[in-house]
Amino acid sequence: MTKTLLWYGLSADIHPSQCGRRPRTMTFRVFHPQSQSQSHPPSRPRGRLRRLAAGAALCAAALAPVDAAAQQALGCLIEPSQTVELGAPVVGVVSRMLAERGDNVRKGQVLVQLSAAVERAGYSAAEQRSRAQAELASAESAEAFAHSKLQRTRELHGQAFVSAVAVDQAVADHAMAAARTRQVREQLEVAAQDLAVAGAQLGQRVIRSPLDGVVLERYASPGERVEDKPVLRLAVLDPLRVEVLMPAAAFLRIRPGMAATVLPELPGLPPQQAQVQLVDRTIDAASSSFRVRLLLPNPDGALPGGLRCKVSFAG
């Protein structure tokens, strides 16, 4: 669409797509403010300065809708940056609930304990087997004795006091004792692996927080059986996420890292500074809009999630 600009009696026709680059052609018309009679033909513009001024003002007018779309306050929604529903990795019965709705939790904190009597017994037995060193000590002593016996037998055979059969027997005894020692060591290694498995099984009876956040909902109580349903719902409130729907006219103006001011629709809360994190790369044809996500720092947790807000972008 071609726009006509009237500025100090000077008009120019130019297409908005020509803004930002030198136009191929321009048509200027000068009007006398005191007389708009058809009998006075418009005179030609005098001076390059007036032509440049008219072109600059026209470009500003052409871009004004885009700037207004980027700067006006738009509706938005403040949400938690992450929401997680915690479930149990195994089927079990809740033994203890260590968190309540509204509690602040830290990453790695124990929130739920499932009944684990069998798993504790299995872990204790595996721990005892992994620490059993008596059998290994016995096997090593037997191997050392067989080794010294083999050396004496060889010495006696060199002096012709024993036969070669006795030497062969001593060699066989030493080999059996050494094999027994290796077997016991392998058994201890297997016991250590069994201990690790038992520890992992016992660890599955405890549900820990995967993040720093707050408990939104509690779905289970002690004595309940949990299988495929969540037991807790957690949310991260620092930072918060701000979702805003932008008109397509502002698509080229919004960039990641851009600053914005967010005004929560809650009395008593001051405007907050946020930063653009994500800009959709597609525009919805039906609504002629695109989505923008901002990150809003909330270190003291003063801002709750779920608030409606207004957002305006700098520049």
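# Exercises on a predicted model

At 66% relative accessibility, Ala-160 counts as exposed (over 50% relative accessible area; buried means under 20%, partly exposed in between, with a 1.4 Å probe and protein chains only). This is a predicted model, in which local features need pLDDT of at least 70 and side-chain atom pairs count only at pLDDT 80 or more, while totals for chains, interfaces and linings use all residues. Residues are numbered from 1 along each chain as its sequence is written, and side-chain values use heavy atoms, with hydrogens and water left out.

**Exercise 1. Get your bearings: how many helices and strands are in the protein?**

Step 1. The protein has four helices and 15 strands. Helices (H or I, at least four residues) and strands (E, at least two) are DSSP runs, numbered from the N terminus.

Step 2. Of the 315 residues in the protein, 30% are buried.

Step 3. Now look at contacts (heavy atoms within 4.5 Å). Among those with a separation of 6 or more, 69% are between residues 24 or more positions apart.

**Exercise 2. Follow helix 3 into helix 4: what do the buried residues of helix 3 pack against?**

Step 1. Start with length. The expected span of a helix is 1.5 Å times one less than its number of residues. Helix 3 covers residues 134–158, and its 25 residues reach 37 Å from first C-alpha to last, close to the expected 36 Å.

Step 2. List the buried residues of helix 3: Leu-136, Ala-139, Ala-146, Leu-150 and Thr-153. They pack against helix 4 (164–203).

Step 3. Check helix 4 in the same way. Its 40 residues should span 58 Å, and its end C-alpha atoms are 59 Å apart, so the two values agree.

Step 4. The buried residues of helix 4 include Val-167, Ala-170, Val-184, Leu-188 and Leu-195. Both helix 2 (117–131) and helix 3 are among what covers the buried residues of helix 4.

Step 5. Finish with Gly-199, which sits in helix 4 and is partly exposed, with a relative accessible area of 27%.

**Exercise 3. Examine the backbone: is phi of Ala-160 positive or negative?**

Step 1. Ala-160 has a positive phi, near 70°. This residue lies in the loop between helix 3 and helix 4.

Step 2. Ser-288 also has a positive phi, near 50°. Its place is the loop between strand 13 (272–279) and strand 14. Ser-288 is partly exposed, at a relative accessible area of 41%.

Step 3. Turn to the peptide bonds. Asp-238 and Pro-239 are joined by a cis peptide bond, with omega about 5°. Pro-239 belongs to strand 11.

**Exercise 4. Find the aromatic pair: which residues form it?**

Step 1. Rings of Phe, Tyr and Trp (its six-membered ring) pair if their centres lie within 6.5 Å; planes under 30 degrees apart count as stacked, over 60 as edge-to-face and the rest as tilted. The structure holds one aromatic pair.

Step 2. Phe-251 and Phe-290 form it, edge-to-face, at 5.1 Å centre to centre with 85° between the planes.

Step 3. The two partners come from distant parts of the chain, 39 residues apart: Phe-251 is in the loop between strand 11 and strand 12 (259–264), and Phe-290 is in strand 14 (residues 289–296).

Step 4. Phe-251 counts as buried at 15% relative accessibility, and Phe-290 counts as buried at 2%.

**Exercise 5. Explore around Val-244: which residues is Val-244 in contact with, leaving aside its neighbours within four places in sequence?**

Step 1. Val-244 is in strand 11, and it counts as buried because its relative accessibility is 3%.

Step 2. Leaving those neighbours aside, the contacts of Val-244 are Leu-74, Gly-75, Cys-76, Phe-290, Arg-291, Val-292, Leu-294, Val-311 and Phe-313. Phe-290, one of the aromatic pair, is on this list.
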